[in-house]
Amino acid sequence: MAELSNQLMAAAVLLYLAAMICYAGEYAFGKRSRVGRAAVRPAKQLVGAGAPVDPVPDDVEPPVTAKRDRGELVGKIAVGLNVVAVLLHLGGLVTRGVAADRMPWGNMYEYILATTFIASAVWIGIVLARPAVRHLGLFAALALVVMLGAASMIAYTPVGPLVPALHSYWFIIHVSTIIIGSGIFLIGAVPAAMFLIRNGYDEGKRRFPYTLGKHVPNAVSLERLTFRLHAFAFPLFTFGALIAGPIWAEASWGRYWGWDPKEVWAFISWIVYAGYLHARATPSVKRTVATWIALLGFLTMLMNLFGVNLFFEGLHSYANAG
């Protein structure tokens, strides 16, 4: 079962990579991309002074062309590949759990597998509900490939039993809620970053990475999606990190809080994300400022996952890479 899990995860990564390539094709040439629109938009005509002119608004869909049809087909293929990758990803998690005879999130490697599965499943739900944001799939798939690649290169751990400290029903409650919250934060960082890029492009910035902004949905939609994802994930992360975690700590170690490095960085992440939601709800705070805070929160999550696990020692050292 352990070998089957590894094979399923390898196949899932390859399919995520293939989906990313297909998403890139629609990103550049699909009907909602500015590249595709520019390719089929009627050229402006010279007319005499005073002659009536029929305006061609930028937001009017151009006529259907074979190139645009191919672009949309590639986008649908990308979603299909993404769905199959999610199923293989799930299979890899399940078979690893069966091989270990426990829940498959007992170390850093398994935590990344579980978190990226949640992120991918949430992305599929978003893109099926709102096909207009499908162009973001390029960046969502890129994030998944990078995270899973990092997991296999620096965090891979052979299947094994849990350390004694994790033999508790709180292992399921505490870790699962943090995984769900973290997975949503991961996918929420994608529209957050693209909102800042699109907003910069709308303000006239034409250097990289702002040039990427002309191919993504409008800034308002991206910012709204960012807020909804973070608003959904925050209570889950709060329960897992600051309620279930301390309760388990008191039962296991006789104290609710001990300033362990992972506890400290989880609290820092919570403070930053709470600051984002507060800034987002404050009319005087610009949406760009609030979104930068959200991205800072994601960076603290990465620090907690990679920096703390790899470079610090503490009571959570069992979560380290193998």
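Does Glu-223 count as buried or exposed, and at what relative accessibility? In this predicted model, Glu-223 has a relative accessibility of 5% and therefore counts as buried, the cut-off being under 20%. The residue lies in helix H7, and, when residues up to four places away in sequence are set aside, its contacts are with Phe-195, Tyr-276, Arg-280, Arg-287 and Thr-291.

The protein chain as a whole contains nine helices and zero strands, so that the order of elements from the N terminus reads α-α-α-α-α-α-α-α-α. Of its 322 residues, 49% count as buried, and the accessible surface comes to about 15400 Å², with 69% of that area belonging to carbon and sulfur atoms. Among contacts between residues at least 6 apart in sequence, 79% join residues at least 24 apart.The largest nonpolar core holds 82 residues, of which Tyr-16, Tyr-23, Trp-123 and Leu-136 touch the most other members. Two or more residues are given to this core by each of helices H1 (2–29), H3 (66–100), H4 (108–129), H5 (137–154), H6 (169–202), H7 (219–253), H8 (261–280) and H9 (287–311), and the largest share, 16 residues, comes from H6. In soluble globular proteins, nonpolar side chains tend to be buried together. For Trp-123, leaving aside neighbours within four places in sequence, the contacts comprise Tyr-23, Asn-82, Val-133, Arg-134, Leu-136, Gly-137, Ala-140 and Ile-187; Tyr-23 and Leu-136, both partners of Trp-123, are also among the residues that touch the most other members of the core.

Helix H9, one of the contributors to the core, has 25 residues and reaches 34 Å from its first C-alpha to its last, which is close to the 36 Å expected at 1.5 Å a residue.

Notes: Residues are numbered from 1 along each chain as its sequence is written. This is a predicted model: local features need pLDDT of at least 70, side-chain atom pairs count only at pLDDT 80 or more; totals for chains, interfaces and linings use all residues. Side-chain values use heavy atoms; hydrogens and water are left out. A nonpolar core is a set of buried Ala, Val, Leu, Ile, Met, Phe, Trp, Tyr and Cys residues joined through side-chain atoms within 4.5 Å. Buried means under 20% relative accessible area, exposed over 50%, partly exposed in between (1.4 Å probe, protein chains only). Helices (H or I, at least four residues) and strands (E, at least two) are DSSP runs, numbered from the N terminus. Contact means heavy atoms within 4.5 Å. The expected span of a helix is 1.5 Å times one less than its number of residues. Accessible areas come from the Shrake-Rupley method with a 1.4 Å probe; for residues, only the protein chains shown count as cover.
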